[in-house]
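Try each task before you read its solution.

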Amino acid sequence: MKKTRFNFLFFLIIAGFFLVAFKAFLVQIADNKNYRLAYAKCVEPLIDIQGKRGYIYDCNNKTLALDIPTYQLFVDPKFYTEYNKTDDKNFFNYINSNFQLNIKNIIEQNKNTRYFNIGTIKPKDFEWVRANLPKGFGLIKNYSRFYPYANNVSQVVGFCGNSKHGLEGLEKEYDIFLSGQNIKQKVKITPYGNFEFLKKPLDGANLHLTINVDIQNYLHFLLKETLKERQAKMVIGIIAKPDGAIVALDSVPSYDNNKFYDYSYANIRNNSINYLFEPGSIFKIVTMSSALDSNTFTGNETLFCENGKWKFSGHVISDVEKNGDLPFDKVFAYSSNICSAKIALKENKEIFYKYLWAFGFGKKTGIDLPGEADGLVKDYVNLKPFDLATMAFGQGIGVSAIQIVRAYIAIANGGYLVNPYIVNYIEKDKKILYKHKETKKQILLPQTIEKVKQILKLVVEEGTGTNAKIQYYAIGGKTGTAQVASHKGGYSLNDYTGSFVGIFPIDNPQFVILVTVFDPKGVNYGGEVAAPVVAKLVSMLAAYYKIEGSGNVIR
């Protein structure tokens with residue numbers, strides 16, 4: 001009997017040994033990977049750690065976009081279940097009411113889990129949560145994007161989505177530089193809800209813009225005021241320097257990029273660079289420049305303006321004023337469509353298109369913003385004489401506001417085509433990663449520029465742009481009033497686009513300013529609806545930058 005019991009016990013011991021050995025084989029060798037993953041999940045959870053996104057600054061280092069800290073509340077159910085014996089009723093009630101969760105049930109159902117993400121706490125609750133945090137609970141610091149100037153510069157800056165990547169504006173265009181590094185890493189959780197990190201993610205780089213937010217704010221204010229006063233559909237404004245640097249760029253209606261999800265894309269899209277329109281007489285900069293630069297005209301000629309009505313190629317071209325003979329410069333000062341058409345026809349399409357393309361129409365300017373439109377230019381091969389005639393005064397061609405601004409920049413800087421730009425440089429840890437380099441191509445001769453500037457000056461002194469005058473400063477510019485194409489064919493008799501583009505000061509250009517008002521009610525001429533807005537902007541720029549008057553008192 002004793003021997004039988006001994007043999008039985010011996011057998012149990014040997015069987016137990018082999019069972020343990022077999023289990024060890026399964027854990028350490030056969031199923032090693034799965035067990036290691038399960039252990040790691042239980043002891044060292046895999047957490048998303050987010051690097052800080054780069055800031056966006058204006059030219060005076062005022063912050064236009066920044067990351068503000070947000071906090072993710074989490075619980076370690078395993079630790080809480082085993083070691084926390086306190087009554088956390090108030091804290092649990094807070095979680096249940098703010099996150100629509102039953103945290104007690106979650107802990108009970110996940111007793112062996114080391115990490116459960118509860119959600120983001122509200123900033124106003126942070127101090128209370130931190131002070132009342134039970135053992136087994138913790139906070140992860142993340143970041144949320146914030147835009148201090150909201151509506152005023154939203155179409156330039158853009159916004160980020162839930163993925164923390166840019167979806168519009170500079171946030172999208174420079175996302176690769178701005179993005180902080182997001183990494184997944186195993187972390188050890190201490191009993192008091194803190195993490196022990198193996199490494200920290202890298203932060204993004206910072207953008208420094210050419211935008212001056214003080215000027216941008218004033219532009220935005222004036223555009224909103226004009227939109228309301230003129231009961232317009234939309235108003236666009238751009239201020240640029242002769243080297244292509246954009247000082248301010250906006251369109252209204254706009255949107256708040258802190259709450260972009262509340263707006264339609266019509267508000268969000270950057271209309272300054274991707275909305276195409278027929279420009280009207282502001283496009284005559286191409287007509288006058290090409291005629292003079294090609295020596296088709298010297299600028300001393302006199303043209304007959306047909307007393308305001310001209311039948312050509314089965315159509316009638318009209319002027320607002322019933323002018324007879326006009327000198328070349330006053331053709332543009334008084335904005336004669338008829339004589340502009342005659343000038344383009346004498347040039348012929350070869351010369352006109354040579355300069356149209358040289359000014360960059362029909363293709364992107366290359367501005368560093370996403371979504372820029374190419375523009376619409378009629379096919380050169382099949383162009384009819386009437387098409388050329390109407391294009392001479394800005395009909396039958398689709399342009400963006402930034403394309404028009406670039407054309408006038410070429411007049412302001414002495415005849416060079418440049419690419420407009422918004423980001424001046426990118427830096428990280430006080431090291432410059434990128435700096436804008438100017439590229440320019442001469443498209444007009446110096447003598448042409450001087451003649452064109454004198455014509456633009458005459459527009460403001462005695463032509464259609466007198467509402468752009470300000471005391472002590474000489475301004476040059478061009479008005480434009482364009483009929484809007486009707487979806488039924490032809491042009492609407494009620495809808496117009498009024499524009500003014502100014503160069504200030506005209507004798508020593510420092511700024512190019514465009515204002516375009518779409519579908520204003522009542523008065524619709526560019527000289528009436530847009531030129532006064534440019535005059536206000538010029539006054540502000542002169543005071544802000546302390547630009548001395550030339551002594552040329554215009555009024």
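**Exercise 1. Find what covers the buried residues of H16.**

Solution. In this predicted model, the cover over the buried residues of H16 includes H13, H15 and helix H17 (385-391). Now look at the residues being covered: in helix H16 (residues 349-358), Phe352, Tyr353, Tyr355 and Leu356 are buried.

**Exercise 2. Work out how H13 and H15 are arranged.**

Solution. Start with the axes: helix H13 (residues 284-293) and helix H15 (residues 337-347) pack with their axes 10 Å apart, at an angle of about 45°. Because of that angle, H13 is oblique to H15. Then take the handedness: the crossing of H13 past H15 is left-handed.

**Exercise 3. List the residues in this contact and sort them by class.**

Solution. From H13 come Lys284, Thr287, Ser290 and Ala291, and they meet Asn337, Ser340, Ile343, Ala344 and Glu347 of H15. Sorted by class, the contact holds 3 nonpolar, 4 polar and 2 charged residues.

**Exercise 4. Describe the chain as a whole.**

Solution. Begin with secondary structure: the chain has 21 helices and 24 strands. Move on to burial, where 52% of the 555 residues are buried. Finish with contacts: among those with a separation of 6 or more, 72% join residues 24 or more positions apart.

Notes
Residues numbered from 1 in each chain as written. Predicted model: local features only at pLDDT ≥ 70, side-chain atom pairs only at ≥ 80, totals over all residues. Heavy atoms only, no water. Axes fitted to C-alpha atoms, helices over the stretch in contact; angles between N-to-C directions. Helix = DSSP H or I, 4+ residues; strand = E, 2+ residues; numbered from the N terminus. Parallel < 35°, antiparallel > 145°, perpendicular 65-115°, else oblique. Left-handed = near helix turned anticlockwise from the far one by under 90°. Contact = heavy atoms within 4.5 Å. Nonpolar A, V, L, I, M, F, W, Y, C, P; charged D, E, K, R; others polar. Buried < 20%, exposed > 50% of the residue type's maximum accessible area, 1.4 Å probe, protein only.
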